[in-house]
Amino acid sequence: MKILVTGGAGFIGSHLCDLLISKGEEVVVIDDLSTGSLENIAHLNSHPRFEYHVDTILNTDLMDLLIAKCDCVVHLAAAVGVKYVLENPLSSIETNILGTETALKTANKYGKKIIVASTSEVYGKHMHAPLKEDDNLIYGPPSTMRWSYAASKLVDEFTALAYYRTKKLDTIIIRCFNTIGPRQTGLYGMVVPRFIQQALRDDPITVFGDGTQTRTFTYIDDVTTAIYKLLTCGKGAGEVVNIGGTEEITIADLAKKIKELANSNSEIVFIPYDKAYGKDFEDMMRRVPSVEKLQALTGYAPETSLDEILLKTIEYFRAKAY
Ligand SMILES: NC(=O)c1ccc[n+]([C@@H]2O[C@H](COP(=O)([O-])OP(=O)(O)OC[C@H]3O[C@@H](n4cnc5c(N)ncnc54)[C@H](O)[C@@H]3O)[C@@H](O)[C@H]2O)c1
């Protein structure tokens, strides 16, 4: 198969390219390098089954050319990360809504299967666990810009489902939960790379809020495996599917665990949300996925333990000299 990976120079995208190439597939990437980097795909550059284009998914002519020549699309390109979205509110909404509309419209034009990346953020402010794909969604007001990321991804979900229902477009929406591993950058608000880099430098590990908020983490290879299985299993059209690990931990305990696993002398400090993100910031206090649907469709669910995930990621940052 020839597969277009939008956002293929990003964290998840570049690992997906690695997996696809290892499976004998042909890969085409489009990425504008806004948060991704050529370094992530440099090792693939001379591969005969790999090509990349540095451009935006908002370039409809190029998207038309690329989707026409591919068999399917994995659409990962997006404005990502709470910090990035808060700093770039308008362009984030444009990329996430208009870019996805272009990808879906063009995939529909050529009848190509498309996987659309959404996020666990769409669940909003739930306190129960596990979160199932048909749960209600609970957001704060639009004046709290944080919710714009969730809302823009939710529009993507509605658009994809509308293409499925009205045009029978073969599309699957994946809701990724916090994904961790090599090549992820801490620059845009991702908690694990930030904590690990602070721990390795013996700098204070900065927990935002009181640290009682919980998350689960998924190893990058588990996510790319799940995406590939969804791409090839022949099932799941018109479905929303969670992809995530299920080991829940508070962010305060995560900081302690990273400090311990990295043999760090860092102090753990708590920074109020308004100091970290400015006024009117709201966090999600809990986020644990149900992976029953993923398992039912593909026979697979993420399997790497949190300790393993953190150790592998610490090793990566240590080898990179942080
Ligand atoms: N990493 C996670 O924990 C996580 C969690 C939930 C959802 N997701 C979703 O997974 C996808 C990939 O995220 P990631 O973690 O790899 O982030 P990333 O920032 O590393 O990847 C996104 C890529 O898209 C590219 N991009 C952004 N705007 C673009 C545009 N207009 N045109 C072309 N390329 C553009 C960026 O340069 C980057 O390479 C995103 O859709 C994100 O919403 C990720």
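The dialogue below takes up the sheet, the helix packing, the backbone and the ligand shell in turn.

Mentor: Please keep in mind that this is a predicted model.

Trainee: What is the order of the strands in the open sheet?
Mentor: The order is 3-2-1-4-5-6-11, seven strands in all, with parallel pairing. Neighbouring strands of this sheet are turned by 20 degrees against each other on average, direction ignored.

Trainee: Why do strand 3 and strand 11 stand at the edges?
Mentor: Strand 3 (50-54) and strand 11 (239-243) each have a single partner strand, so one side of each is left without a neighbour in the sheet.

Trainee: How do you know that strand 4 and strand 5 pair?
Mentor: Pairing requires at least two bridges.

Trainee: Which strands does helix 7 lie across?
Mentor: Helix 7 (residues 220-232) lies across strand 4, strand 5, strand 6 (171-176) and strand 11. Its angle to strand 6 is about 165 degrees.

Trainee: Why are helix 6 and helix 8 called oblique to each other?
Mentor: Helix 6 (residues 191-200) and helix 8 (residues 251-261) pack at about 40 degrees, with their axes 9 Å apart. Roughly parallel would need an angle under 35 degrees, and roughly perpendicular one of 65 to 115; the pair is therefore oblique. Their crossing is right-handed.

Trainee: Which residues make that contact?
Mentor: Helix 6 contributes Val-191, Phe-195, Ile-196 and Ala-199, and helix 8 contributes Ile-251, Leu-254, Ala-255, Ile-258 and Lys-259. By class, the contact of helix 6 with helix 8 has eight nonpolar, no polar and one charged residues.

Trainee: What makes helix 2 and helix 4 oblique to each other?
Mentor: Helix 2 (residues 60-69) and helix 4 pack at about 40 degrees, with axes 9 Å apart. They are therefore oblique, and helix 2 passes helix 4 in a right-handed crossing. Thr-60, Met-63, Asp-64, Ile-67 and Ala-68 of helix 2 meet Thr-102, Ala-103, Thr-106, Ala-107 and Tyr-110 of helix 4. These residues divide into six nonpolar, three polar and one charged.

Trainee: How many residues surround the ligand, and which are the closest?
Mentor: The ligand is surrounded by 29 residues, and the closest are Gly-7, Gly-10, Thr-35, Gly-36 and Ala-78. By class, the shell has 14 nonpolar, 13 polar and two charged residues.

Trainee: Which element gives the most to that shell?
Mentor: Helix 1 does, with three residues. Helix 1 (11-22), strand 2 (26-31), helix 4 (89-110) and strand 5 (113-119) each supply at least two.

Conventions
Residues are numbered from 1 along each chain as its sequence is written. This is a predicted model: local features need pLDDT of at least 70, side-chain atom pairs count only at pLDDT 80 or more; totals for chains, interfaces and linings use all residues. A residue is near a molecule or strand if its C-beta atom, placed from the backbone, lies within 6 Å of it. Helices (H or I, at least four residues) and strands (E, at least two) are DSSP runs, numbered from the N terminus. Ala, Val, Leu, Ile, Met, Phe, Trp, Tyr, Cys and Pro count as nonpolar, Asp, Glu, Lys and Arg as charged, and the others, Gly among them, as polar. Axes are lines fitted to C-alpha atoms, for helices over the stretch in contact, and angles run from 0 to 180 degrees between N-to-C directions. Two residues are in contact if their C-beta atoms, placed from the backbone, lie within 7 Å. Angles under 35 degrees count as roughly parallel, over 145 as roughly antiparallel, 65 to 115 as roughly perpendicular and the rest as oblique. A crossing is left-handed if the near helix is turned anticlockwise from the far one by less than a right angle, and right-handed if clockwise.
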